[in-house]
Amino acid sequence: MLSYTVYSEAGGVGKSSLTANLAAAHARAGLDVLVVPMDPQDGDLSRLLGVDDDRADHEADNLVRHMVGSPRGSFDDLIRSAEGIDIIPEHNLLSDLPDFLAREKQQAEKLGDAYNIYAQLQRVLQEGDVGEKYDVLICDPPATESDHLYNAIYATRNLVIPVEPSAKGEASVDGLQQLATNFADQMGIEVGVLAAVPNGFKGTNDQMELLDEIAFPTPEVIGDRTALMEGCWKQQCSAFEYQREHRDYPRDHELETLAQLDRLARYLEEQRGIEAPNPPEPGALEEEVTA
């Protein structure tokens, strides 16, 4: 299984949009995809893909309940689907996740048991047989250092980093590299970076210089597609669905962005030896989701 966390220390760099569109690109190639978004704030991936209607319902079962050992139903019942992608929707209880985990750890230690706060998402996914059921797992934690992030990294062991092509973005990548290295050393695990994805690239001289300084593979550099992404959020869909169902006529530069997302998905699959059964021509809109 290909598993990765899409993460940037800088907000507003298109993290959730990239996650949703990579998930769509994997799914339309015939792979089974599960996305686990973990952002406590509104305007999250569940909102983008239109599966956030139970977010504020305290009676609804949710991921946090499963992570602290208090589920109200089965793991499979948590899952919603959109555009051929399976998603475990975010819930408002994610805001209190650190407190819940700390409480569980305290109780375990009182009983003399070991409790790894950062291994609880992995435990839930393993108990749900995610590794057997899916080809691709993607986590989308908030853009802050948190228990959400560390649980995502511990479960996936790989990062895909959206990068703002600026000095601020470069500093963010450096900080993330240090964060991931320290966490991996602390946990005794290996964490790899599959790719960095410069996003919002405008081709200035300063940006060109910064691209050369990124220490990770950059298989695709995505241009400024503000109108396309704003349309996706308005219509609550991926860029593929937006082009297919909501654009009055195709824009060549936006179709090229879809092709880049397809190529990036194939690149990531190749890193883990996964061959998609039905990869479309990059950017081709006539291809239907088959997952």
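Guide: Two strands count as paired if DSSP finds at least two bridges between them. The model shown here is a predicted one. With that in hand, start at one end of the chain of pairings. Phe201 stands opposite Gly223, a residue of β8. The strands concerned, β7 and β8, run parallel and are joined by two bridges.

On to the next pairing of β7. The strands β6 and β7 also run parallel, and six bridges join them.

Eight strands make up an open sheet, and their order across it is β3-β4-β2-β5-β1-β6-β7-β8, with mixed pairing. The edge positions are held by β3 (80-82) and β8 (222-223); each has a single partner strand, so one side of each is left without a neighbour in the sheet.

Elsewhere in that order are β2 and β5. Strand β2, residues 33-37, pairs with strand β5, residues 136-140, in the parallel sense over five bridges. Within this pairing, Pro37 has Asp140 in β5 as its bridge partner.

Two or more lining residues come from each of α1 (15-28), β7, β8, α10 (226-235) and α12. The element that gives the most is α1, with five residues. Sorted by class, the lining has 15 polar, 11 nonpolar and nine charged residues.

The second largest pocket holds about 200 Å³ of space. Of the 17 residues in its lining, Asp54, Asp61, Leu78, Arg80 and Pro89 are the closest to the centre. Here the classes are eight charged, seven nonpolar and two polar residues.

A search of the whole structure finds one cavity of 30 Å³ or more, and about 50 Å³ of space lies in the largest cavity. Ten residues line it, and the ones nearest its centre are Val163, Glu164, Glu170, Leu210 and Ile214. Helices α8 (167-187) and α9 (205-213) each supply at least two residues of this lining. Six of the lining residues are nonpolar, two are polar and two are charged.

Last, the charged side chains. The structure holds 14 salt bridges. One of them joins the side chains of Arg55 and Asp44, at 2.1 Å from N to O. Arg55 is in the loop between α2 (45-48) and α3 (63-67), while Asp44 is in the loop between β2 and α2, so the pair ties together parts that are 11 residues apart in sequence.

Methods:
Residues are numbered from 1 along each chain as its sequence is written. This is a predicted model: local features need pLDDT of at least 70, side-chain atom pairs count only at pLDDT 80 or more; totals for chains, interfaces and linings use all residues. Side-chain values use heavy atoms; hydrogens and water are left out. On a 1 Å grid over the protein atoms alone, a cavity is a set of points where a 1.4 Å probe fits but cannot get out, and a pocket is an open set with protein on both sides within 12 Å along at least five of seven lines; lining residues have an atom within 4 Å of a point. Grid points are joined across faces, edges and corners, and a volume is the space filled by probe spheres set on the points. Helices (H or I, at least four residues) and strands (E, at least two) are DSSP runs, numbered from the N terminus. Ala, Val, Leu, Ile, Met, Phe, Trp, Tyr, Cys and Pro count as nonpolar, Asp, Glu, Lys and Arg as charged, and the others, Gly among them, as polar. A salt bridge is a side-chain nitrogen of Lys or Arg within 4 Å of a carboxyl oxygen of Asp or Glu.
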